[in-house]
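Please open the model in your viewer and keep the sequence beside it, so that each selection can be followed in both. The tour goes from strand to strand and then turns to helices and loops.

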Amino acid sequence: MLPITGLQKTTLLDYPGVLASTIFLGGCNFRCTFCHNSQFLALSDNVPLLSEEEVLSHLTKRASVLKGVCITGGEATLYPALPAFIREIKALGYLVKLDTNGTNPSILKALIADKLLDYIAMDIKADTAHYHSICGFSDSLVFSPYLSAIRESISITKQSGIPYEFRTTVCDGFHTEEMLLGICQLTGGGQTFAIQNFKDSTFVPDHTLGSFSDVMLKKFETICIPYFDSVILRT
Ligand code: SF4
């Protein structure tokens with residue numbers, strides 16, 4: 001059973017250009033310092049879950065109105081049951097967008113091969129030197145297998161033939177112009193890059209992080225433009 005911690009029944013924000021529902025899966029292999037869902041990263045009996053049947057029932061009822069489903073986390077690719085669940089959503093006629101941290105390239109590859117995804121949004125959280133620390137790891141050597149997996153997922157995503165975006169939540173107190181350049185170099189560029197300004201909230205682990213000014217966001221955008229077909233600022 002998938003750990004479905006939430007369902008946003010209607011959104012225009014999560015799937016670019018598509019009226020969608022968003023399904024939240026709990027559990028994650030990272031502990032990012034800026035995470036807004038930190039209360040759902042370690043699953044316990046106290047976390048109330050929705051059943052797959054409840055979610056599919058909602059999607060069945062709304063199939064004539066909604067066009068897409070966004071699957072977000074936590075980290076959805078941790079769960080072997082994910083492909084079968086997406087297959088049921090696709091059978092209802094929905095477009096499916098997957099949000100991922102890129103640490104499970106084999107599942108990503110299988111989902112693409114089985115034509116179960118219509119859009120991929122992959123987080124690129126930092127440059128290679130700083131990636132481990134924003135993901136909550138003190139040791140870069142322990143993190144290195146994850147970084148290898150992320151590199152593989154970048155390559156798989158770029159070769160997928162479906163629309164995708166790489167995206168970075170930029171946090172004042174962590175990200176720098178030099179780091180944005182490093183992120184561009186890590187991806188090698190691509191279709192779309194979304195720069196998302198950090199916003200503090202109750203469940204964010206590190207409240208010393210801040211949002212950037214519009215001036216800094218524009219500087220980041222200027223750095224990234226040469227690498228991508230399109231750069232989006234989400235403020
Ligand atoms: S990968 Fe996403 S869900 Fe997991 S800790 Fe980081 S921000 Fe939170």
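Begin by selecting strands β2 (residues 20–25) and β3 (68–72), which pair in the parallel sense over 5 bridges; strands (E, at least two residues) and helices (H or I, at least four) are DSSP runs numbered from the N terminus, and two strands pair if DSSP finds at least two bridges between them. Within this pair, A20 stands opposite G68 in β3. This is a predicted model, in which local features need pLDDT of at least 70 and side-chain atom pairs count only at pLDDT 80 or more, while totals for chains, interfaces and linings use all residues. Residues are numbered from 1 along each chain as its sequence is written, and side-chain values use heavy atoms, with hydrogens and water left out.

Stay with β2, where 5 of the 6 residues are buried (under 20% relative accessible area, with a 1.4 Å probe and protein chains only), so this strand is largely enclosed by the rest of the structure.

Next, select every strand to see an open sheet of 8 strands in the order β1-β2-β3-β4-β5-β6-β7-β8, with mixed pairing. At the edges stand β1 and β8 (228–234), each with a single partner strand, so one side of each is left without a neighbour in the sheet.

Move on to the helices by selecting α3 (residues 105–113) and α5 (residues 140–158), whose axes (lines fitted to C-alpha atoms over the stretch in contact, with angles from 0 to 180 degrees between N-to-C directions) come within 9 Å and cross at roughly 15°. The two are therefore roughly parallel to each other (an angle under 35 degrees). Show side chains to find P105, L108, K109 and I112 in α3 meeting A149, E152, S153, I156 and T157 in α5, where contact means heavy atoms within 4.5 Å.

Finish in the loops. In the loop between α3 and β5 (119–123), select K115, which has a positive phi near 55° although it is a residue other than glycine, and which is exposed (over 50%) with a relative accessible area of 67%. Then go to the loop between β3 and α2 (82–91), where G74 is found; the peptide bond from G73 to G74 is cis, with omega near 5°.

Technical notes
Angles under 35 degrees count as roughly parallel, over 145 as roughly antiparallel, 65 to 115 as roughly perpendicular and the rest as oblique.
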